[in-house]
Each structure stands twice: as C-alpha cells, then as structure tokens.
Amino acid sequence: MRYPEGGGLPAERRAFREGIRLHASEKFAAGEKTAVIAKDPRVSVRSVERWRRAWREGGMAGLRSTGPANSPTVTDTQFAVLEEELGKGPTAHGFEAERWTLARVQTLIRQRLRVSLSVATVWSLLKRHGWSWQAPARRALERDEHAVELWKKGGLAPGKSLAAASGAWVVFEDEAGFSMTPPRARTWGLRGQTPVIRVRGRSRRRTSVAPLCCYKPGEKSRLIHRPRNHLLLKGARKSFSWRDYRDLLVRAHIQLNGPIVVVWDNLNTHLAAGPKRHDAEHYWLTTVRLPAYAPDLNPVEAIWALARGATANTAFDTPDDLDRTLRRELRRIQLRPDLINGCLTATGLTLTLPTPP
C-alpha cells in the first residue's frame, strides 16, 4: 500500500489500527496477558506493550489516533532565505571547497533555519525548487567581471559600434587542438565494469583548427575554418602563427565580401607586431580584444563543444580518420546557421546593430 506524500498512514488504515487498539483496551481492563492479546490481532508484542502503557497513562483517549505525523518542512519564505545563503557559496559558510553537497546543505538548514531535515528530504527540497546536481564552470581569479558585464550589456562593446559604422561582419576567432586520443564521454556499461575505449597510445600527430564565427544582421551566419596539421617534433611549432591567422582573415574577407571586425582573445600571437601592422595596413580589417580570461564570451567555444562531441570515444586508426571526422562535423555546422546563432546566444551577447546611414 502506498502512503500519501504528506507522510503517515492512509485514513482507512489509521481507522483500522485505531479499532484494534480500542478493542485491545477492553482486554487490558480484563487483565489478559500481552502475548495473548498480540496473538489475536496479529500484531507484535512490543506494539501491545506500547498500547498498554498509553492506556494506563491516558485511558481510552491515549489509544485514539492523533493523525499522521508532521515532519519538519521548509516554507517558501524560508527557502528564499536559504537560496540567498546558498548563492554566497560554501566557503562563505566555513566549508573548505566550493562544493555544495546534501550533507552541507543539511547543515546550513539546521544552522540558518533551525530546522532538522534528513538528507533525502533535502534532496527532494532542492529538486522541487529547481536545483540539480551539476558540474560547475571554472572561472579564472584574474577575470574582470565588470568588463565582462559591460560587454554583455553593451551588445558587443566596441565591436558593436565599429561594425555598425562600417556595415561589417562581426567575426569571432579561437584556436583549438585535436589529437589521436579522443575526449571521453559518458556511456552505458555494466555496473562495476568500467567501459574501455582502445586508442593510439603513442601518436605524435596533432591537428589544430582555427574557425571564424561570422555574424551580420540580415545575413546568414557563417562558419569559416582553417585546419593545420602538426608533427610534435623537437622545435616544431604546435599552434597557428600570425601568418596563418593573416591568411585566414584574408580568406574570410574574400568569402564574406565586406569589411570584418575580428573579436579574439589575448593570445600572444594576436598581440604580436605582425597582426597589428596588418590591421593598420588594411581598411577592411579591425581587431577587438575580448576581456581577459573570458572564453565564455566567445561563441567558438560552443563550436568546440559540438566538434569534441563528435570525436568523443572514437578510436581513430590513422590521422586521416581524425581529419575526416573533424571536417565532416564542421561541415555539418556550416550547413546549420541556427547552430551558429545558438553559439552566440549561449554567450549572452546580442547582435542587434542599427542600420548604417
């Protein structure tokens, strides 16, 4: 029989149990032994002893049902206070790591609200109010949150005004590397037996990809990318050079057929003298730097999430297999402007530019 969510027994069963106790009270008055009384209604001896004590202390009234037990609860007003405390982080309440666990939340409720709840009740409480168990995002201590908020509130900060004035494409750039050892992703397996993916253990092949997410109001969003293969030899370059970026931007200018405003991070290659000189020599190119340690403002990060999802748990036989998989996934994204738009939406930035005069 299932019990209601409020706890306690159903009304019918409570009434039935109360009838048994009242019937037992007549036998208590008659002086019958506990074992004999327990045998008749098929209840435990301990229950009959408890009933007898209640009958001695309160008579018939002591045997009547008092209704379902009331477990401690947290009201919506109390949870609003709790949610504010949870938002301060675990370290603000004396815990060592920034990690909320059910036991820690249970302790916080007991200390702040003066309510004692079980761990299961805490889990149900958090889930009912929209909380879930999830992996947190990491942020650098050097990150300037004020600068990030200015970017989000201002649309695209300086990139917005520059693109509006010139009717240019706003282009986000980033670089990532892929190797023969693929990223791991969760998969189903027999409990107690960890699934195993066989990969190349000593592959020295590395592929770098530098894509451009291109946005302009009234135009379909575009994805332009350039791959570069590396051999991890002594002294060999392991990333794009500024000349590679130069060629990629020239290619983007030709394909987009218009000026571009490039938004990228503070990588040393981006800050070198070569890109600055190239920017100054070409009217169609303007570069804007993102705030320091703010990769979440770059929609290309979401492109990487899609690409790595396609390569996860994949055992590549040759470097060509890796290259084909990357090209196929990036081509799939190129054919889906809605995916490219979704990558921009995930950053919290907006691209509502006024029409240039």
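Tutor: Accessible areas come from the Shrake-Rupley method with a 1.4 Å probe, and for residues only the protein chains shown count as cover. On that basis the protein chain exposes about 22,600 Å², of which carbon and sulfur atoms supply 51%. This is a predicted model, in which local features need pLDDT of at least 70, side-chain atom pairs count only at pLDDT 80 or more, and totals for chains, interfaces and linings use all residues. Residues are numbered from 1 along each chain as its sequence is written, and side-chain values use heavy atoms, with hydrogens and water left out.

Student: What is the average pLDDT of the protein chain?

Tutor: pLDDT is the predictor's confidence in each residue, from 0 to 100. The protein chain averages 79, and 82% of the residues score at least 70. Over residues 1–9 the pLDDT stays under 50, and the model has 12 contacts (heavy atoms within 4.5 Å) for them beyond four places in sequence. Residues 353–357 also have a pLDDT below 50, with 8 contacts in the model beyond near neighbours in sequence. Where pLDDT is low, the predicted coordinates should not be read in detail.

Student: How many helices and strands does the protein chain have?

Tutor: The protein chain has 13 helices and 6 strands. These are DSSP runs numbered from the N terminus, with helices being H or I of at least four residues and strands being E of at least two. Of the contacts with a separation of 6 or more, 67% join residues 24 or more positions apart.

Student: Why is Gly-89 called buried?

Tutor: Buried means under 20% relative accessible area, exposed over 50%, and partly exposed in between (1.4 Å probe, protein chains only). Gly-89 has 8% relative accessibility and therefore counts as buried. Buried residues make up 36% of the 357 residues in the protein chain. Gly-89 is found in the loop between helix 4 (76–87) and helix 5 (102–112). Leaving aside neighbours within four places in sequence, Gly-89 is in contact with Glu-98 and Trp-100.

Student: What makes helix 12 roughly perpendicular to helix 13?

Tutor: Helix 12 (residues 319–334) and helix 13 (residues 337–347) pack at an angle of about 90°, their axes 6 Å apart. Axes are lines fitted to C-alpha atoms, for helices over the stretch in contact, and angles run from 0 to 180 degrees between N-to-C directions. Angles under 35 degrees count as roughly parallel, over 145 as roughly antiparallel, 65 to 115 as roughly perpendicular and the rest as oblique. Helix 12 is therefore roughly perpendicular to helix 13. Arg-332, Ile-333 and Gln-334 of helix 12 make the contact with Pro-337, Leu-339 and Ile-340 of helix 13.

Student: Is Asn-257 buried or exposed?

Tutor: Asn-257 has a relative accessible area of 72%, so this residue is exposed. Asn-257 lies in the loop between helix 9 (242–256) and strand 5 (260–264). Asn-257 has a positive phi of about 55° although it is not a glycine. Most residues other than glycine have a negative phi.

Student: Why is Tyr-293 called partly exposed?

Tutor: Tyr-293 has 47% relative accessibility and therefore counts as partly exposed. Tyr-293 is placed in the loop between strand 6 (285–289) and helix 11 (300–311).

Student: How do you know that Gln-255 is partly exposed?

Tutor: The relative accessible area of Gln-255 is 35%, so the residue is partly exposed. Gln-255 lies in helix 9 and touches Arg-222 and Ile-224, not counting residues up to four places away in sequence.
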